[in-house]
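Let us walk through a protein model piece by piece. Keep the structure open beside the text.

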Amino acid sequence: MAFSVLHDADPLDRSVLVLQDRHRSNLVDTEQLQQVLHPRQQMRAFLSMWRMDRRIRPYVTRAGFYGIYRLGHIMIDWPLITCLVERWRPETHTFHVPAGEMTITLQDVAIILGLRIDGPAVTGTCVFDVAALCGELLGVIPPADALRGSALSIRWLCQRLSTPAADADEVALQQSARGFILALLGSFLFADKKGVHVHLCFLPLLRDLMQTSTYSWGGAVLAHTYRELCRDSLDRRRGISGCITLIQLWSWERLHVGRPDFRRSAAYPAPPLPHALHDDDVDVIAGDVAEGVDGGLAAQHGVDDEHRAEVDADASLPLGCRWRVPLTRVHNPSGVLLLYRDQLDAQTPDQVLWQPYIGELVDQLPDICLADQHIWRTMSPLICFEIIEFHRPERVLRQFGMHQDIPPACAYEQELHRVDARGRHQKDWQTYHGPYIALWETRAGRIITARPMVGGMDFHDPYMQWYRRITRRFMTPPLHRDDMRFHTSAGSTHALVSFRHG
């Protein structure tokens, strides 16, 4: 038995992972698997081009995106993202790690990013007059060279709308705020293959910024993230787009691999909580403090106490912002793909934090992070215009403090994965996906529940016995030895453990 395990890590039962032959992990013995995926996200470039004018901050806050702006740019660990993509399974919308299935859920999006997850789906029609729409909501009409189909250049947006006139009225400031949010969506939350354009289909949803805040932007971000993970985990793709920062922060909150430590200093003697990071703290870290730029002391920008209090009350920071402090990697190696693979292959149950959002960590979070708890475990379609991806909390119940039984079978939505916006720049997605939107509207009626989780899960638990048969057991060939390079050992360890328990 040990010998066979050493030579074949593929699933013994392929009834669940039906795409194994196309999956990235199947390239384990080729040079393709040694390449690191390159995330495509332009948040840093956007923030360098557009320093927020304090006058548009109340509008960005009102729309629900100020926390995303405060999260800002976090350096991406490309080997870590690659390692996670290799373990993503499109059939189940989960990462397959030795301890079982895990995934990014609506709970993670709400707490890490501070986005609303309840509310109407982010969808609508792409049938509109570009000039009329942009003229009304942005106050400018883009030239032909700033457009790619129905997508608008983020650089052009920054050049035209980032500096409102000194005597700008409320209409002009709202137009600038819409441009800022639109660029934020395209460079960070819904980044495309290059991260330099943003689809104008989002713009009608920004018409009334108060109404904007009621949409399920968190659900849309998760749908988009799932779709990118599904695409990039198959075949020989070399890049990944979408909200990469969400994937990385999710991993840092729950897994030990590549996780940095908070650097202790006089300014930060203990791991920071989001509420302890004020505007001036976050901006100093990011190097964004400058006269006339959002952040820094109120006196520096002429912000009166009343305005300051109003903004601070409405713009508390989501949990992800706690990682915007000096970090250290003294105790945990980083940046090496082969090492990450081996560490995940050798993962032990105590190296998974199933419930990281407890105690003081969440007590001080803004209301928006916890407001929609009643749908954290909804088994519903996630929607973002052309994208439909299913939320499957029934497969990761331990993330909600519940016992995990063998989950029900789930079908791979191949036809839904084939639907994209290519060649469909003018499509009424609200009508096209009507049945799935109707399902989303009944999300509160499909909440999975189970008995509480007590202690850890035993090696011989029925779920773990089932899981070891349907999953790929390790990523790197245990007999693989390159001269003068790191030698993996987790596969051999798996073989010995299986032999001992077999």
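In this predicted model, three strands form an open sheet in the order E5-E6-E7, with antiparallel pairing. Strands of a sheet pair through backbone hydrogen bonds, and the pairing can be parallel or antiparallel. Which strands sit at the edges? They are E5, residues 147-148, and E7, residues 197-199. Each of these edge strands pairs on one side only.

Now look at one join in the sheet. Strand E6 covers residues 151-153, and two bridges link E6 to E5. These two strands run antiparallel. Arg148 has Ala151 of E6 as its bridge partner. A helix packs on this sheet too: H8, residues 154-161, touches E6 and E7. The direction of H8 makes about 55 degrees with that of E6.

Move to helix H5, residues 78-86. Is H5 mostly covered or mostly open? The helix is mostly covered, with eight of its nine residues buried. Among them are Leu80, Ile81, Leu84 and Val85. Thr82, Cys83 and Glu86 are also on the buried list.

His93 is not a glycine, yet its phi is positive, about 60 degrees. Find His93 in the loop between strand E2 (88-89) and strand E3 (94-97). Why does His93 count as buried? Its relative accessibility is 1%, and buried means under 20%.

Phe385 also has a positive phi, near 55 degrees, and is a residue other than glycine. Phe385 lies in the loop between strand E11 (381-384) and strand E12 (387-390). With a relative accessible area of 2%, Phe385 is buried.

Methods: Residues numbered from 1 in each chain as written. Predicted model: local features only at pLDDT ≥ 70, side-chain atom pairs only at ≥ 80, totals over all residues. Heavy atoms only, no water. Pairing = 2+ DSSP bridges. Helix = DSSP H or I, 4+ residues; strand = E, 2+ residues; numbered from the N terminus. Contact = heavy atoms within 4.5 Å. Axes fitted to C-alpha atoms, helices over the stretch in contact; angles between N-to-C directions. Buried < 20%, exposed > 50% of the residue type's maximum accessible area, 1.4 Å probe, protein only.
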